[in-house]
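Here is a short briefing on one structure. Please keep the sequence and the 3D view open while you read.

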Amino acid sequence: MTQSFTSIKPTTSLYDCAKIITRKKLNTLPVINNNKLVGILNARDILWAITKKPNLNLKEVKAIDIAIRKVAVIKPSADISQAIEKMRTYNFRTLPVLSKGKVIGIVTLKDILRI
């Protein structure tokens with residue numbers, strides 16, 4: 001699990017999200033509002049938005065507008081096999097780790113492959 005992660009607010013513009021993803025070499029950004037996970041935004045979500053609407057102004061569209069809102073999560077007590085199964089079931093490469101409703105880390109496919 002990666003405990004040091006970058007998150008965004010629901011009101012963050014897609015332009016700023018794209019800058020964060022590029023600068024920090026990330027693929028996924030948890031969308032957090034008042035310490036609660038409200039969605040997850042992937043680089044491919046931004047690309048999808050751009051290709052579907054080529055005249056889209058990335059500075060006007062907010063992260064929550066295109067973020068995935070039904071997010072698979074995992075508990076800190078879960079083992080690697082549970083994480084892998086959840087990733088496979090939901091076709092996600094990233095799982096936020098929640099404890100008492102708060103995101104405390106992220107498990108990525110890269111984290112699992114390192115082990």
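Is D111 buried or exposed? D111 counts as buried, because its relative accessibility is 7%. Buried means under 20% relative accessible area, exposed over 50%, and partly exposed in between (1.4 Å probe, protein chains only).

This is a predicted model: local features need pLDDT of at least 70, side-chain atom pairs count only at pLDDT 80 or more, and totals for chains, interfaces and linings use all residues. Residues are numbered from 1 along each chain as its sequence is written, and side-chain values use heavy atoms, with hydrogens and water left out.

**Salt bridges**

- A search of the whole structure finds two salt bridges. The term covers a side-chain nitrogen of Lys or Arg within 4 Å of a carboxyl oxygen of Asp or Glu.
- D111 pairs with R114 in a salt bridge, with the closest N and O atoms 3.3 Å apart.
- Both D111 and R114 lie in helix α5 (residues 109–114), three residues apart, about one turn of the helix. Helices (H or I, at least four residues) and strands (E, at least two) are DSSP runs, numbered from the N terminus.
- R114 counts as exposed, at 64% relative accessibility.
- E85 forms a salt bridge with R88 (3.6 Å, N to O).
- Helix α4 (residues 80–90) holds both E85 and R88, three residues apart, about one turn of the helix.
- E85 is partly exposed at 41% relative accessibility, and R88 is exposed at 60%.
- The C-alpha atoms of E85 and W48 are separated by 26 Å; the two residues are 37 apart along the chain.

**Strands**

- β1 (residues 28–33) and β2 pair in the antiparallel sense over six bridges. Two strands pair if DSSP finds at least two bridges between them.
- In this pairing, I32 stands opposite L37 in β2.
- The two strands, β1 and β2, form a hairpin with two residues between them. N34 in the turn has a positive phi of about 55°.
- Strand β2 (residues 36–42) has five of its seven residues buried, so it is largely enclosed by the rest of the structure.

**Nonpolar cores**

- A nonpolar core is a set of buried Ala, Val, Leu, Ile, Met, Phe, Trp, Tyr and Cys residues joined through side-chain atoms within 4.5 Å.
- The largest nonpolar core has 16 residues. I8, L14, C17, L41 and I46 have the most contacts inside it.
- At least two residues of this core come from each of α1 (14–24), β1, α2 (43–52) and α3 (63–66).
- α1 gives the largest share of this core, four residues.
- C17 touches I8, T12, L29, L41, I46 and A63, not counting residues up to four places away in sequence. Contact means heavy atoms within 4.5 Å.
- A second, separate core has nine residues, including I74, F92, L95 and V107.

**Aromatic rings**

- One aromatic pair turns up in a search of the whole structure. Rings of Phe, Tyr and Trp (its six-membered ring) pair if their centres lie within 6.5 Å; planes under 30 degrees apart count as stacked, over 60 as edge-to-face and the rest as tilted.
- The rings of Y90 and F92 are stacked, because their centres are 6.2 Å apart and their planes at 25°.
- Y90 is partly exposed at 47% relative accessibility, whereas F92 is buried at 18%.
- The charged end of K59 sits over the ring of Y15, 4.7 Å from its centre. This requires NZ of Lys or CZ of Arg within 6 Å of the ring centre and within 35 degrees of the ring normal.
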